[in-house]
Amino acid sequence: MVDWTFEGFESLSCADLYDILRQRQDVFVLEQKCFYPDIDGKDHLAFHLIGRAQDGTFLAYLRILGPGDYYDEPALGRVLVTPEARGRGLARKLMEEGHARALELYGRGPVRLNAQSYLKDFYLSVGYEIIRGPYDEDGIPHYEMLKAA
């Protein structure tokens with residue numbers, strides 16, 4: 001069972017913000033050995049979806065940027081499942097929850113994301129199509145992908 005928290009930046013607690021930044025650093029910088037500026041000046045524009053176990057353990061996260069904040073369409077990004085929580089189907093649940101929240105916020109329409117190439121097939125399986133790529137982003141091959149309305 002996953003408990004979902006969904007907040008705008010101003011509503012995040014200090015503890016939630018700390019957990020988000022720590023998990024993003026652990027996964028995207030340390031685990032992937034990719035030294036890039038994760039704190040990119042967009043978090044204050046985003047809504048943040050956190051999945052936690054019933055005991056409060058951080059399991060999964062993504063952020064949603066609105067139309068015009070990154071792309072013309074709403075965009076999902078910084079999608080992660082912690083190493084301890086992988087292999088349980090949680091990524092699919094995270095994407096379902098993220099799409100539902102984007103729909104609530106912005107209505108029916110396309111959603112865009114940048115996918116690391118090793119996750120391309122996963123994103124295809126949840127309804128995305130490749131728009132561009134592969135291309136290099138911070139030393140990691142990526143695809144720009146779009147999920148139609």
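1. Is Gln23 buried or exposed? The model is a predicted one, and in it Gln23 has a relative accessible area of 8%, which means that Gln23 is buried, the limit being under 20%. Gln23 lies in helix 1. Leaving out residues up to four places away in sequence, Gln23 touches Phe58, Leu80 and Thr82.

2. Helix 1 covers residues 14–31, which makes 18 residues.

3. Which residues of helix 1 are buried? They are Asp16, Asp19, Ile20, Gln23, Arg24, Val27, Phe28 and Val29. The elements covering them include strand 1 (3–8), strand 2 (47–52), strand 3 (58–65), strand 4 (75–81) and strand 5 (111–116).

4. Lys33 follows helix 1 and sits in the loop between helix 1 and strand 2. Its phi is near 50°, a positive value in a residue other than glycine. For background, most residues other than glycine have a negative phi. Lys33 has a relative accessible area of 66% and is therefore exposed.

5. Ala46 belongs to the loop between helix 1 and strand 2. Ala46 is buried because its relative accessible area is 2%. Not counting residues up to four places away in sequence, Ala46 touches Glu7, Gly8, Phe9, Arg63, Ile64 and Leu65. Between Ala46 and His142 the sequence separation is 96 residues, and the C-alpha to C-alpha distance is 21 Å.

6. Helix 2 (90–106) has 17 residues and reaches 24 Å from its first C-alpha to its last, close to the 24 Å expected at 1.5 Å a residue. Its buried residues are Leu90, Leu94, Met95, Glu97, Gly98, His99, Arg101 and Ala102. After helix 2 comes Gly107, with a positive phi near 75°.

7. How much space lies in the largest pocket? The figure is about 810 Å³. The lining consists of 38 residues, and those nearest the centre of the pocket are Phe28, Arg78, Val79, Asn114 and Gln116. Phe28 is also one of the buried residues of helix 1.

8. Several elements contribute to the lining of the largest pocket. Helix 1, strand 3, strand 4, helix 2, strand 5, helix 3 (120–125) and strand 7 (140–147) each supply at least two residues. Strand 4 gives the largest share, 7 residues. Sorted by class, the lining has 23 nonpolar, 7 polar and 8 charged residues.

9. Ser125 is in helix 3. Its relative accessibility is 44%, so Ser125 counts as partly exposed. Ser125 and Ala148 lie 23 residues apart in sequence, and their C-alpha atoms are 13 Å apart in space.

10. Where does Pro134 lie? Pro134 is in strand 6, which runs over residues 128–137. The peptide bond from Gly133 to Pro134 is cis, with omega near 5°. As a general point, most peptide bonds are trans.

11. Asp138 lies in the loop between strand 6 and strand 7. Its phi is near 60°, a positive value in a residue other than glycine. With a relative accessibility of 42%, Asp138 counts as partly exposed, because that class lies between the limits of 20% and 50%.

12. Glu144 is in strand 7. A relative accessibility of 8% means that Glu144 counts as buried. Neighbours within four places in sequence aside, Glu144 is in contact with Tyr71, Arg112, Leu113, Asn114, Glu129, Ile130, Ile131, Arg132 and Tyr135. Among these contacts, Asn114 is also one of the residues nearest the centre of the largest pocket.

Note on methods. Residues numbered from 1 in each chain as written. Predicted model: local features only at pLDDT ≥ 70, side-chain atom pairs only at ≥ 80, totals over all residues. Heavy atoms only, no water. Helix = DSSP H or I, 4+ residues; strand = E, 2+ residues; numbered from the N terminus. Expected span 1.5 Å × (residues − 1). Buried < 20%, exposed > 50% of the residue type's maximum accessible area, 1.4 Å probe, protein only. Contact = heavy atoms within 4.5 Å. 1 Å grid on protein atoms, 1.4 Å probe; cavity = no way out; pocket = protein on both sides within 12 Å on 5 of 7 lines; lining within 4 Å. Points joined across faces, edges and corners; volume = space filled by probe spheres on them. Nonpolar A, V, L, I, M, F, W, Y, C, P; charged D, E, K, R; others polar.
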